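Biologist: I would like to learn how to read packing in a model. Please take me through some helices and a sheet.

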Amino acid sequence: MSSRGPVVDVRSLHVRFGEVEAVAGVDLQAEAGQATALLGRNGAGKSTTMRVLAGVVPPTAGSAVVAGYDVRTHALEVKRRVGYCPDVGGLVPRATPWEHLQLSARLRRLAGWEERGRDLLERFELGDVAHRVTTGFSHGMGRRLSVVLAALHEPEVLLLDEPFDGVDPIGVEATFEVINDARARGACVLVSTHLRELAVEACTAVLVLRGGAQVATASAGDMAGEEGARAYRSLLD
Ligand SMILES: Nc1ncnc2c1ncn2[C@@H]1O[C@H](COP(=O)(O)OP(=O)(O)OP(=O)(O)O)[C@@H](O)[C@H]1O
């Protein structure tokens, strides 16, 4: 990659919530144009790592630099540069998808976003419900809208936490497209998921977490297929 170095640079990251050590030593360097998967079972520390990278949760120890900004001292700068699909929440029940896009565009002072917004909603098959309030949306519909919102402003760093959870094949395909488009324009992408097969299809590199700690880094190819499944299982046992 460029001489600027990694876009996401995490060193010896620890996050503690009282007695719980949610993240216990994660190192991660990810570059522009790369997509990295955070894989691991429930409670492995994936979402907490993503929250740190989104500037939402501060590290307890260690460091995380995103797009050149330290999350600890420049959380607002980090938030401006990332597109973040959280694992849960983030949607306003009484607002429609279109109103979500309008709000996001206003907060980020985006101009001329409407065509891209419409296109993204269509790609995620949300065009027909663009003006329906999100109360009553299925889990998968909410996930798809969260990915659209993360991608709208073409962020330098795209953080997708469990984007495939409960999402049908068309939504999965659309998410792959969003990841590929982001990579093609030089964004750095991180995807947190417990779904190994989708992770290796969507990403180039994989980081496996267990109990908050990093147990492996591998190329996506090493974690693919039957052999990859065996390798992954052995890391979780
Ligand atoms: N705000 C919090 N307060 C207390 N404990 C927390 C908090 N957030 C996370 N944890 C704990 O930290 C650990 C890691 O949680 P995290 O959500 O990061 O895991 P995960 O890998 O994303 O899991 P999942 O796949 O279930 O979403 C868990 O034991 C969780 O209960």
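Biologist: How are helix 5 and helix 6 oriented to each other, roughly parallel or roughly perpendicular?

Modeller: Two packed helices are described by the angle between their axes and the distance between those axes. This is a predicted model. In it, the axes of helix 5 (residues 139-151) and helix 6 (residues 169-184) come within 11 Å and cross at roughly 15°. The two helices are therefore roughly parallel to each other, and their crossing is left-handed.

Biologist: Which residues make the contact between helix 5 and helix 6?

Modeller: Helix 5 contributes Gly 140, Arg 144, Val 147 and Ala 151. From helix 6 come Gly 171, Thr 175, Val 178 and Ala 182. By type, the contact residues divide into 4 nonpolar, 3 polar and 1 charged.

Biologist: Which strands pair in the parallel sense with strand 8?

Modeller: Strand 3 (residues 35-39) runs parallel to strand 8 and is joined to it by 5 bridges. Here Ala 35 stands opposite Val 189. Strand 7 (residues 157-161) also pairs with strand 8 in the parallel sense, over 5 bridges, and Leu 160 stands opposite Val 191.

Biologist: Where do the side chains of strand 8 point?

Modeller: In a regular strand the side chains alternate between the two faces of the sheet. Cys 188, Leu 190 and Ser 192 point one way from strand 8, while Val 189, Val 191 and Thr 193 point the other way. 6 of the 6 residues of strand 8 (residues 188-193) are buried, so the strand is largely enclosed by the rest of the structure.

Biologist: In which sense do strand 9 and strand 10 pair, parallel or antiparallel?

Modeller: Strand 9 (residues 205-210) and strand 10 pair in the antiparallel sense over 6 bridges. Arg 210 stands opposite Ala 213 in strand 10.

Key. Residues numbered from 1 in each chain as written. Predicted model: local features only at pLDDT ≥ 70, side-chain atom pairs only at ≥ 80, totals over all residues. Axes fitted to C-alpha atoms, helices over the stretch in contact; angles between N-to-C directions. Helix = DSSP H or I, 4+ residues; strand = E, 2+ residues; numbered from the N terminus. Parallel < 35°, antiparallel > 145°, perpendicular 65-115°, else oblique. Left-handed = near helix turned anticlockwise from the far one by under 90°. Contact = placed C-beta atoms within 7 Å. Nonpolar A, V, L, I, M, F, W, Y, C, P; charged D, E, K, R; others polar. Buried ≥ 20, exposed ≤ 12 C-beta atoms within 10 Å, placed from the backbone. Pairing = 2+ DSSP bridges.
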